[in-house]
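Me: I'm new to this one and would like a close look at a single part. Could you take me through the aromatic residues and what surrounds them?

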Amino acid sequence: MIEILYTGGTIGWDAAKHRQLPLEELLQKLAPVIQEKYPDLDIRYSSCDLEHWEEDAFWKLKKAEGIVVLFGTDWLASSMAHFDYACENISKAVIGTGSMIPIFQEKTDAYRNVIDSIQTSFNIL
């Protein structure tokens, strides 16, 4: 089982409404693409605020084989570096990704980034 943890960021930014999409709206676009690519994979989706993502990810790792964390591009590198140090002895995949272009825009990189992150988690496991 893979957990996808959504913290917000560019991937879920709705510029027309000047707001961050809730997880349910993001999944309307993202989940069908993931399901088509990985029809037999057990994927769980959840969201949390940026302030508590590390705690949520740590507890979800107890049940999941791996986690893909969706971040904003401003937080991705520093957050994943910190988490790497905090979970030094964990042997499960924790992949951080996001997008430069929101999922609802025409040339978004969101789909490719999430699919590649799921695939990377399998290569690590």
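Reply: Let's start with Tyr 38, which is buried at a relative accessible area of 11%; buried here means under 20%, exposed means over 50%, and partly exposed is in between, with a 1.4 Å probe and protein chains only. Bear in mind that this is a predicted model, where local features need pLDDT of at least 70, side-chain atom pairs count only at pLDDT 80 or more, and totals for chains, interfaces and linings use all residues. Residues are numbered from 1 along each chain as its sequence is written, and side-chain values use heavy atoms, with hydrogens and water left out.

A search of the whole structure turns up three aromatic pairs. To pair, rings of Phe, Tyr and Trp (its six-membered ring) need centres within 6.5 Å; planes under 30 degrees apart are stacked, over 60 edge-to-face, and the rest tilted. Tyr 38 and Phe 122 have ring centres 5.8 Å apart and planes at 50°, so this pair is tilted. It links distant parts of the chain, 84 residues apart: Tyr 38 sits in the loop between helix H1 (23–37) and strand S4 (43–47), and Phe 122 in helix H4 (residues 110–124). Helices (H or I, at least four residues) and strands (E, at least two) are DSSP runs, numbered from the N terminus. Phe 122 is partly exposed, with a relative accessible area of 31%.

Now for another pair. The rings of Trp 53 and Phe 71 have centres 4.9 Å apart and planes at 90°, so they meet edge-to-face. Trp 53 belongs to helix H2 (residues 53–60) and Phe 71 to the loop between strand S5 (66–70) and helix H3 (76–86), so the pair ties together parts 18 residues apart in sequence. Both Trp 53 and Phe 71 are buried.

What about the nonpolar surroundings? The largest nonpolar core has 22 residues, and Ile 4, Ile 34, Leu 70, Val 114 and Ile 118 have the most contacts inside it. Such a core is a set of buried Ala, Val, Leu, Ile, Met, Phe, Trp, Tyr and Cys residues joined through side-chain atoms within 4.5 Å. Strand S1 (2–6), H1, S5 and H4 each supply at least two of its residues, with H1 giving the largest share, six residues. Leaving out neighbours within four places in sequence, Ile 34 is in contact (heavy atoms within 4.5 Å) with Ile 4, Ile 43, Tyr 45, Val 114, Ile 115 and Ile 118. Apart from this core lies another, of 13 residues, including Cys 48, Ala 64, Ile 67 and Val 69.
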